[in-house]
Amino acid sequence: MTSNNARRSAPAAGSCRITVCRGCCCGDPRKVPGVDHAGQIARLRAALDGAAPVRASECLDVCEQANVMVVQPSPAGRAAGGRPVWLGLVNDDGALADIAAWVRAGGPGVAEPPGVLDLYGFTVSRRVGKALED
């Protein structure tokens, strides 16, 4: 029998995916002091409550934007025209809460992001963007 905790922590099939950079600069207290880098992924997973998987990645090559996260659309979001959304300078729990709420609502292509996330969004070069494409 599956426990309630196990059921909640398993990401929904067909959900968005979130990649969190934890390479050379992202997650480094020397680059971004005053942030609980070790707890950031755990807090994001808790805020998502199993709605989407969160994975750590090696350097995503946009170090000037540390800490970086990429929200990949769900299959439904991609079918609706959603594209991966790159977010930089994600260094506070308010931003994590906004990202989690957006992803729980459907994420790219399905739900409009909270306006405040416009402050975090940035465009990457094609070379960098290709690294995370499906």
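Helix α2 passes helix α4 in a right-handed crossing, where right-handed means that the near helix is turned clockwise from the far one by less than a right angle, and left-handed that it is turned anticlockwise. The model is a predicted one, in which local features need pLDDT of at least 70 and side-chain atom pairs count only at pLDDT 80 or more, while totals for chains, interfaces and linings use all residues. Residues are numbered from 1 along each chain as its sequence is written, and side-chain values use heavy atoms, with hydrogens and water left out.

Two packed helices are described by the angle between their axes and the distance between the axes. For α2 (residues 37-48) and α4 (residues 93-104), the axes come within 9 Å and cross at roughly 40°; such axes are lines fitted to C-alpha atoms, for helices over the stretch in contact, and the angles run from 0 to 180 degrees between N-to-C directions. The two helices are therefore oblique to each other, since angles under 35 degrees count as roughly parallel, over 145 as roughly antiparallel, 65 to 115 as roughly perpendicular and the rest as oblique. On the α2 side the contact is made by Q40, R43, L44, A47 and L48, and on the α4 side by D93, L96, A100, V103 and R104, contact meaning heavy atoms within 4.5 Å. Of the residues in this contact, six are nonpolar, one is polar and three are charged; in this division Ala, Val, Leu, Ile, Met, Phe, Trp, Tyr, Cys and Pro are nonpolar, Asp, Glu, Lys and Arg are charged, and the others, Gly among them, are polar.

What else can be said of α2 itself? With 12 residues at 1.5 Å a residue, α2 should span 16 Å, and its end C-alpha atoms are 17 Å apart, which agrees; the expected span is 1.5 Å times one less than the number of residues. The buried residues of α2 are H37, G39, Q40, I41, L44 and L48, where buried means under 20% relative accessible area, exposed over 50%, and partly exposed in between, with a 1.4 Å probe and protein chains only. Their cover includes the strands β1 (17-21), β2 (54-57) and β3 (69-72), together with α4. Just after α2, D49 takes a positive phi of about 50°.

Around these helices, the secondary structure of the protein comes to five helices and five strands, which follow one another along the sequence in the pattern α-β-α-β-β-α-β-α-β-α. Buried residues make up 43% of the 134 residues. Among contacts between residues at least 6 apart in sequence, 72% join residues at least 24 apart.

The loop between β2 and β3 holds V68, which counts as buried at 0% relative accessibility. Leaving aside neighbours within four places in sequence, V68 is in contact with T19, V20, C21, C26, L60, V62, W86, L87, G88 and F122. The C-alpha atoms of V68 and Y120 are separated by 9.2 Å, although these residues lie 52 apart along the chain. N67 is found in this loop between β2 and β3 as well, and the peptide bond from A66 to N67 is cis, with omega near 0°. D28 itself is found in the loop between β1 and α2 and, at 13% relative accessibility, counts as buried.

Most residues other than glycine have a negative phi, and most peptide bonds are trans. D61, found in the loop between β2 and β3, has a positive phi near 70° and counts as partly exposed at 38% relative accessibility. L89, in the loop between β4 (85-87) and α4, has a positive phi near 60° and is partly exposed at 43% relative accessibility.

Beyond α4, A105 is found in the loop between α4 and β5 (121-122) and, at 48% relative accessibility, counts as partly exposed. Not counting residues up to four places away in sequence, A105 touches V110 and A111, while the C-alpha atoms of A105 and A51, 54 residues apart along the chain, are separated by 9.3 Å.

Terms used
Helices (H or I, at least four residues) and strands (E, at least two) are DSSP runs, numbered from the N terminus.
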